[in-house]
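Colleague: I'm new to this one. Could you walk me through it, one question at a time?

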Amino acid sequence: MVKTYKYRIYPNKKQQMIIDKGIDDCRFVYNYFLRESMLEYQNNKKRLSKYTMFNMLTQLKKQDEYNWLTTNSVSLREPIENLSNAYNAFLKGTRNFPKFKKKKTHDGSFGLNTSPKSTYYISYNEMQLTAIGRVKCKG
């Protein structure tokens, strides 16, 4: 069983900039691979698997024009998982075709590597997050 915990965090300005960049990077990855998937289907009538997209992401991050894509790979894989799930739901007929994410209307969330080794609690109202640091929280 997978457990999910939701916390309200209260980041400082520097931490908020890191979080905003992570959200922007994840939105870019989702939209980039949605476009690539659409092009692949138009040209070859084939669907990109999520594993192919994972490999493409690795190559994408190595290109100079995308060197600004610095959010960790675990966070950048989540939008690919979400896109793959959206495609599967569309193909089953339970959902509409996936849409591009807009900056203004996007929910503003992204995942972090939250294994027990990467996240730990300092006190009841503060936690340590990978790449962000100590963040005040309420949960």
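Predicted model: local features only at pLDDT ≥ 70, side-chain atom pairs only at ≥ 80, totals over all residues.

Colleague: How many residues lie between β3 and β4 in their hairpin?

Modeller: Strand β3 covers residues 126–129 and runs antiparallel to β4, with 4 bridges joining the two. In the turn, Ala-131 has a positive phi of about 70°. The number of residues between β3 and β4 is 3.

Colleague: Now the helices. At what angle do α2 and α3 pack?

Modeller: Two packed helices are described by the angle between their axes and the distance between the axes. Here the helices are α2, residues 50–62, and α3, residues 73–92, with axes 10 Å apart. Their angle is about 145°.

Colleague: Is the crossing of α2 and α3 left-handed or right-handed?

Modeller: On the α2 side the contact includes Met-53, Phe-54 and Leu-57, while α3 brings in Leu-76, Ile-80 and Leu-83, among others. By class, the contact residues come to 6 nonpolar, 2 polar and 4 charged. As for the crossing of α2 and α3, it is right-handed.

Colleague: Which element gives the largest share of the lining of the second largest pocket?

Modeller: That pocket has a volume of about 170 Å³. Among its lining residues are Met-38, Tyr-41, Tyr-87 and Phe-90. Two elements give two or more residues to the lining, α1 (13–44) and α3. The largest share, 4 residues, comes from α1.

Colleague: How many nonpolar residues are in that lining?

Modeller: The lining includes Leu-48, Leu-91 and Phe-97, along with Lys-46 and Arg-47. Polar residues number 2 and charged ones 2, and the nonpolar count is 7.

Notes:
Residues numbered from 1 in each chain as written. Heavy atoms only, no water. Axes fitted to C-alpha atoms, helices over the stretch in contact; angles between N-to-C directions. Left-handed = near helix turned anticlockwise from the far one by under 90°. Contact = heavy atoms within 4.5 Å. Nonpolar A, V, L, I, M, F, W, Y, C, P; charged D, E, K, R; others polar. 1 Å grid on protein atoms, 1.4 Å probe; cavity = no way out; pocket = protein on both sides within 12 Å on 5 of 7 lines; lining within 4 Å. Points joined across faces, edges and corners; volume = space filled by probe spheres on them. Pairing = 2+ DSSP bridges.
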